[in-house]
Amino acid sequence: MPSKSSFSSLVAGLLVLLVAGCAPWHRAAWTGDKAGNAEGVVAILPLQNLSGGSAPLAELKQEFARRLALRGMAILPEAQLEQFMTRHRLRYVGGIDATTAQALRRETGAQGVLVTQLELYRTPFPPRIALTSRLVTTEDTPRIVRMESVALSGDDAPGLLGVGLVDKPREVTDRALRLLAEALTGGEPQPPPRVSLGSDSVYLARPLDPGRSYRVTVLPFYDKGSHGYAGEILALHFIGELVRQGRFQVVEPGTVREDLLRYRIIMEDGVSLADAELLFGMLSTDLILSGEVNDYQDLQGAQASPKVDFSALLLERSSRRAVWSMGDHRTGMDRVRFFDIGRIATASALATGMVHQAIAESLGR
Amino acid sequence: MPKRWIPPLMTLVVLALAGCAGPAEVFRDPNMDFGALHTVAIMPLANLTRESSAAERVRDVFTTKLLASGALYVIPPGEVARGISRVGISNPVAPSTEELTKVAGVIKADAVITGTVKEYGEVRSGSSAANSISLSFQLLETQTGRVVWSASTTMGGIGITDRLFGGGGEPMNDITERAVNDAIKKLFQ
C-alpha cells in the first residue's frame, strides 16, 4: 500500500498532466520568413491531386485551412480566392508564376500562397495519405519560404499484437493534416526516415562552395514507370530537401513551368546542354536538376512494400557539366532485420529518405 | 592408396579444373591508351529481351555507376539524345563509324559506349525460377571508330538454393547493379 504522501504526489502529478492537456494549442502566426517581419494573409490554393486516384480534395483543403487557422495563419477568404481564380482563369494549382503572384498580391492583398499536392490517398486498410505543401511569397519573383511533407500509413507503428494499427482513414488524414500544419507554422517538421544508399550511388565532381548560396531550378523528372505523376512527385521531394538545406534558393516550379511552356521546351530524353543553356539564362539559375523515375510504387496491402527507383543529375552553369549525380533503388523493407522494425510504409516517405540522404551527405553544408 | 592410382587421379583433377574455366569475356586493345579517355557517351542500348524498358533501365544504372566511379565523365543522356537527333542517326543502338565520329564531334565525347541487353527478367527451369541478366558492352574510340574494349557479363540465374528451396532468386535491381559493376570492373582492370 503506498504511503499517504506518495499517493497525494501521484494525484498531483496526474492533475498537472490533465491541466496541461487542456491548454490551448500553441498559436504560431505565419511570419513569412525566418526573421518574422512579413506577417500576412495567405491564399490556400486547391489541392493538386497527384495520387492517381480520386480523393475528397475540397474536404481535405477545408480541414487543412482550419488547422492552419488554429495555428494562427491568416487565410484569404475562400470566396475572394475563387473570384480571383475565375477572373484570371487560373486552373493550374501545382505552382504559381510571377505574373499570377503579382496579380494575387495586388488584387487580394495576399502575401503568400500555399501550394499543396496530394501524393497518395488510399482508404482500404491500411489507410494511407501523403501530402506536400509549400509556402510561396507573392513578391515580384515568387520565393519558396518553407516546404514540408508528411506521409502516413495506418500500419506505420503496428505495435504488439497490432494494437497500434489504425484502420480509420479519417484518423490518419487528421493526423497528417495536423502534422503538416504544425510543420508549416513554425512547429517541428517530421524527421525523414532513415535510408541507407549504396556507396556507389552518388557522384560529386567537387564539393560546392560552402560560403555561397546557389539558385537552383528543378525540372520535372521523366517518369518511365506506370505511375503517371511520379516525375512531379520526385521533383517536389528534391525541391523540399533543397529548401530545407538552406543554402539553395529554389526557383518556384510554377515559374519554371510557365517558362518551359512559353519557350516550348520539350525534353524527351532528359535535358540537353542547349536546353540547359536556355534555362540558365531565362531563369537566372546556377544549377539545374533533372532526372528520371524508373519505378515508384505504393502497393496496397498490409505486407506490401513500396518501391522507389530514380536517378538525378545536377548541371552547373559555370562549367556546363554534371557536377552531381545519384541513382538508386530502394524498397520499404530494405532496413528491416527484425519484426518489421525500420519498415517504411509509403513510397513518399521512402523517396523523402532517399533524397535527404543523397543531398544532405554530398550537397549539404 | 596405391602409387599407380596417382597419375590417373591427377589427370582427372586437371581435366575437371579445365572444364570449370569460362570463355574469355573481355577484350582490351593493347595499343589503346585508356588514360587519354576523359569523356564518354553511352548510346541507347539494344534490347533483345521481352521487357520493353530493360535497355533504358540498364543504361540509367550504367550511367550513374560509371559517373560515380569518378574515372570518366559521362555525358548526360539528354545531350546524347540531342547529338543523335542532330546527326540523324536512324539506328542509335548500332551506329556506323561515320555516324559515331559525327555524333562524338557534336557532343564532344572521346569515346562512345554501345551495348546490348541480351537477357533481363525471370528464367525458369522445371519448377524453379530466378531473375537473370546478361549484358554486353563495347567502347569505341571516336577518331577511328575502332572497338577498343568489349566485355560481357551475366548475373543471377537459378542456383542450387533456388532449385532446392525455391524463392525466386535476387531482386532484378540488385542483379542489374551487380552486372553493371562487374562490367565497369572489367573496363578498369
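In which loop of chain A is A:Pro126 found?

Modeller: Happy to! Please keep in mind that this is a predicted model. A:Pro126 sits in the loop of chain A that runs between strand 3 (112–122) and strand 4 (128–137). As background, most peptide bonds are trans, and most residues other than glycine have a negative phi.

The loop between strand 5 (144–153) and helix 5 (169–184) holds A:Leu161. The phi of A:Leu161 is near 55°, a positive value in a residue that is not glycine. Is A:Leu161 buried or exposed? With a relative accessible area of 82%, A:Leu161 is exposed, because exposed means over 50%. The other example is A:Arg320, which lies in the loop between strand 11 (307–316) and strand 12 (322–331). A:Arg320 also has a positive phi, about 55°, although it is not a glycine. Its relative accessibility is 31%, so A:Arg320 counts as partly exposed, a class that lies between the 20% and 50% cut-offs.

Now let us step back to chain A as a whole. Chain A has nine helices and 12 strands. Of its 365 residues, 50% count as buried. The accessible surface of chain A comes to about 17,100 Å², and carbon and sulfur atoms account for 54% of that surface. Among contacts in chain A with a separation of 6 or more, 70% join residues 24 or more positions apart.

A:Leu350 belongs to helix 9 (residues 347–362) of chain A. At 1% relative accessibility, A:Leu350 counts as buried, because the cut-off for buried is under 20%. Leaving aside residues up to four places away in sequence, A:Leu350 touches several others, including A:Val195, A:Pro306, A:Arg330 and A:Ile344. A:Leu350 and A:Val308 are 42 residues apart along the chain, yet their C-alpha atoms are separated by 7.1 Å.

Finally, chain A has a partner, chain B. The contact between them takes 25 residues from chain A and 19 residues from chain B. On the chain B side, B:Asp60, B:Leu67 and B:Tyr73 lose the most area to chain A, together 26% of what that side buries. The size of an interface is often given as the accessible area lost when the parts come together. Here chain B and chain A bury about 1,900 Å² between them, with 51% of it on carbon and sulfur atoms.

What links the two chains? There are seven residue pairs in polar contact between chain B and chain A, and the count of salt bridges is one. In that salt bridge, the side chains of A:Lys224 and B:Glu56 meet, at 3.2 Å from N to O. Helix 2 (54–69), helix 3 (77–87) and helix 6 (172–188) of chain B each supply at least two residues to the side that touches chain A. Helix 2 of chain B gives the most, with seven residues. By type, the chain B residues on this side divide into eight charged, six nonpolar and five polar.

How values were computed
Residues numbered from 1 in each chain as written. Chains lettered and ligands numbered in written order. Predicted model: local features only at pLDDT ≥ 70, side-chain atom pairs only at ≥ 80, totals over all residues. Heavy atoms only, no water. Helix = DSSP H or I, 4+ residues; strand = E, 2+ residues; numbered from the N terminus. Buried < 20%, exposed > 50% of the residue type's maximum accessible area, 1.4 Å probe, protein only. Contact = heavy atoms within 4.5 Å. Buried area = accessible area lost by both parts, 1.4 Å probe. Salt bridge = Lys/Arg side-chain N within 4 Å of Asp/Glu carboxyl O. Polar contact = N/O pair within 3.5 Å; in protein donor to acceptor, adjacent residues only side chain to side chain. Nonpolar A, V, L, I, M, F, W, Y, C, P; charged D, E, K, R; others polar. Areas by Shrake-Rupley, 256 points an atom, 1.4 Å probe, with all protein chains shown as cover.
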